[in-house]
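Please open the model in a viewer and keep the sequence at hand.

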Amino acid sequence: MKITDLEIDGFGVWHNLKQTNLSRRVTTFYGANEAGKTTVMQFVRSVLYGMTPSRRKRYLPPLDGGQPGGVLGIAEGEQRFRASRIADRGPDDVGRVICTTSDGATGGDRLLREALADVDEATYSNVFAVSLDEIQELGMLSGSKAGEWIYRLTSGLDRVSLYDVIQSLSRERQALLSDTGGSRIVSLSAQRDTLRSEVDRLREQNRVWSQLAVKIKELDEQIIAVEAGVRKAEHHARTIEIAVGLKPNWRKREKLAEQLNHLSGRVKLPADAIDRLNAVNADIEKHQRQADVLQGQRHQLRDEADRLGINELLVRNASRIDALGEQRDWLQSLQRQQDDLEREAKQYESRVTAEQKRLGEALGLKDGQRLRELTETDLEGLQPQIDALKMAQKRLDAAQRDHDALTESERSLRT
């Protein structure tokens, strides 16, 4: 594979850079520091192997604009094509490769992979694209060191240097057979002995565990047998318990059987016994239906009572209501006495009014307004009547209070 030309659309400091007719043998880019030589080399690596995160961080986005990427012209034998890679689909995009042949046909990266012939980026960077820093590092080596470095690059398989393998084996051999600093063979032998003793200990534990497993299995079998015996004993105990509970009924059955055997053939049933039995059964069914209806009504009334709730005032005054019920006759007598006293008071009032009018007419006064005032003697003479009136008034007030209490209780009961 040969690179014939390159075209940088946008990469680092380069924009619209074109280089054509590159040498088919070796191409050298030279210039002042920071001129962009390493950028061109990294661009070639990016087109061939993708925009790695380190290259994106250092060279993208382009300083002077343009699409991130470009085109390489490649010749592989008689076939020529142009491989373009543009990484514009996000921060993690390595770039999509489009290969265009000389006849204008386009495709994916198949032609590029075939041209690279499975050469990875590390081999390409170390053999086919060497930077100035790497050349300067090679120039600082002596002849033997440079020869060793070149030998390490050219000998070996699949990027594994035969020289490195030989050196690694030599170091391992020295570590195993060294007389100073402690040989690894001695340490490995001690470790082997330790592991053997550990294996023996674990083997002994395994034997003990095997014995314990056998004992556990035997105990499990014993437990299963005991549980089966317990279940059998429980079944037998339940059977005995049921038999003991049925013993009275069984004895009654035996007595009834004896009575039936004794009465067999001696009892004569009337001719209408079956009809009477049917009638009794019909009455039983009728009463059962009535009982069911009453049961439903009872449940309905109970639900209605639950919905209505409890009258707290009625519950609190239940004892007083019971006491009032027991004293109903006495209250009725008090009511009658109150009525009699009211009638007697009205009679006294009418008599006093008539007497006052009569005295006024007799004395020549109008409406009795100038009747003389009663003296203490008069009052003393009227004291029995006054006391009787006071007692009557007290009884009237007490009866009125009892009447009000009864009225209030009757109102609360109605609500």
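Begin by selecting Lys2, Arg24, Arg25 and Arg80, which gather on the surface in a patch of positive charge. A patch consists of residues with over 30% relative accessible area and no salt bridge, like charges being joined within 9 Å and nonpolar side chains (Val, Leu, Ile, Met, Phe, Trp, Tyr) within 5 Å. Lys and Arg count as positive and Asp and Glu as negative, while His and the chain ends are not counted. The place of a charge is NZ of Lys, CZ of Arg, CG of Asp or CD of Glu. Accessible areas follow the Shrake-Rupley method with a 1.4 Å probe, and for residues only the protein chains shown count as cover.

The model is predicted: local features need pLDDT of at least 70 and side-chain atom pairs pLDDT 80 or more, whereas totals for chains, interfaces and linings use all residues. Residues are numbered from 1 along each chain as its sequence is written, and side-chain values use heavy atoms, leaving out hydrogens and water.

**The sheet**

Stay with Lys2, which belongs to strand E1 (residues 2–11). Helices (H or I, at least four residues) and strands (E, at least two) are DSSP runs numbered from the N terminus. Lys2 counts as partly exposed because its relative accessibility is 34%; buried means under 20%, exposed over 50%, and partly exposed in between (1.4 Å probe, protein chains only).

Next, display the six strands of the open sheet, ordered E2-E1-E3-E4-E5-E6 with antiparallel pairing. Strand E2 (14–19) and strand E6 (106–107) are the edges, each pairing on one side only. Pairing requires that DSSP find at least two bridges between two strands.

Now select strand E3 (residues 69–76). Seven of its eight residues are buried, so the strand is largely enclosed by the rest of the structure. Seven bridges pair E1 and E3 in the antiparallel sense, and Ile3 has Ile74 in E3 as its bridge partner.

Continue to strand E4 (residues 79–86) and strand E5 (residues 96–101), which are antiparallel and joined by six bridges. Arg85 has Val97 in E5 as its bridge partner.

**Salt bridges**

How many salt bridges does a search of the whole structure find? The total is 11, a salt bridge being a side-chain nitrogen of Lys or Arg within 4 Å of a carboxyl oxygen of Asp or Glu.

Select Arg82 and Asp5, whose closest N and O atoms are 2.8 Å apart in a salt bridge. Arg82 in strand E4 and Asp5 in strand E1 are 77 residues apart, so this pair links distant parts of the chain. Arg82 is partly exposed at 34% relative accessibility, whereas Asp5 is buried at 13%.

Proceed to Asp109 and Arg113, which form a salt bridge at 3.4 Å, N to O. Asp109 is partly exposed with a relative accessible area of 33%, as is Arg113 with 48%.

Finally, select Glu198 and Arg201, where the salt bridge is 2.2 Å, N to O. Both residues lie in helix H8 (residues 184–263), three residues or about one turn of the helix apart.
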